[in-house]
Amino acid sequence: MGREREPGTPRVAPGALRGRAAGKAPVPLSLLELATVGEGVGPERALLDTVEAARVAEASGYHRLWVAEHHGLPGVASSSPAVLLAHLAAHTSRIRLGSGGVMLPNHAPLLIAEQFGTLEALAPGRIDLGLGRAPGTDGLTAAALRGTDRLREGAEDFSRQVAELVAFLDGDPPPVPGARPDARVHAVPGPVTGAVSRPPVWLLGSSGYSAELAGRLGLPFAFAHHFAARHTGPALELYRASFRPSALLDAPYAMIAVSALAGEDEGEVRRQVMTGALAMLRLRGGRPGPVPTPNEAEDHPYTPLEREVVESRLAEVVHGTPDAVREGLNALVAATGADELMITTMVHGARARLRGYALLARAYELPGAEGALPAEAGLRAPVPASAPPSIGG
């Protein structure tokens, strides 16, 4: 059996929830990776580029790097966060890694508890478990994922799933339906096998529901400002107003994800962010595909309405020189009161994205940033399997 702990004592490592601002950043800076697949770039390259992003992030002084769960999107290769996180843990040693997020209605809570219990055992004290309520795909694909045409997306069901998952992580699993009252199923690895810590649970959202639930449960909250900017203020206000202190947090902790790209040349930065804007335009039009090249984005015959949509998208991306991006992010922190920023960048290929991470770290004078500027970002070969770096916290 697992080691005893005092009732009410969280099994989350001290300091795992709140980050610490570094350099001249007003709040901790983190990254969200989607394993973006560009036109002419295969998913194998996209996943290797995500490994390189984790290396750059760790060397540059970022606090954490998360990967998201998406399905059925040709432009995104991060369909299995737990698998990708295990690989990233094997190629880093310090940076926090997590899901941004696991779409919980797609999975049984026990399965996620075991996957992230395994990750915690592989990289102790470095794993975050961010949970989302959306399917991360279209309804047809979600039905195929769940093996049913009855999609479990009700508010009551999500809150029940979160409670069940936390219970498995804490070693207090619910009774088995139909079995004797004392029958329990335990997550392995987990408390029953001696594990004394678990990943902290975050709730993610782009509206008020998860904000209110995160506050009521006393959990940290991450908001998708990068595609729901007009809802950021109301959601954060609701989270803070709903917050009840818990064994994990004595005060609210809110992170917002924001699209940003820094580069030396403003014209080239705009060319790059146009690729992500066109990709989003096509996705919203029901035509998802790989992220187009800069030339393709420039030459696209935009209708007046499409041009309006693209310009609206670009207005929500903080982009330009490193100093300009730093000022834009600082203004966003001041306006929202965010406790942490998570940078995400959708562009074609990895050079601009990874170099942008490093340039922004340098602009904020993060520890290690001076030596972390990649000249050929995204082209580095993976570490041979025969000689992986050590893992652990």
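Analyst: A residue is buried when its relative accessible area is under 20% (1.4 Å probe, protein chains only). By that rule, 51% of the protein's 393 residues are buried. Keep in mind that this is a predicted model, where local features need pLDDT of at least 70 and side-chain atom pairs need 80 or more, while totals for chains, interfaces and linings use all residues. Numbering starts from 1 along each chain as its sequence is written, and side-chain values use heavy atoms, without hydrogens or water.

Now the holes. The protein has six cavities of 30 Å³ or more.

Who lines it? In terms of elements, β7 (254–262), α8 (266–284) and α10 (304–315) each bring at least two of the lining residues. The top contributor is α8, with three. Sorted by class, the lining has seven nonpolar residues, four polar ones (Gly counts here) and one charged.

For comparison, the second largest cavity holds about 70 Å³. It has 13 lining residues, and Gly117, Pro189, Gly190, Ser197 and Arg198 are the closest to its centre. Two or more lining residues come from each of α3 (109–122) and α5, and α3 gives the most, three. The classes here are seven nonpolar, three polar and three charged.

Terms used. Buried < 20%, exposed > 50% of the residue type's maximum accessible area, 1.4 Å probe, protein only. 1 Å grid on protein atoms, 1.4 Å probe; cavity = no way out; pocket = protein on both sides within 12 Å on 5 of 7 lines; lining within 4 Å. Points joined across faces, edges and corners; volume = space filled by probe spheres on them. Helix = DSSP H or I, 4+ residues; strand = E, 2+ residues; numbered from the N terminus.
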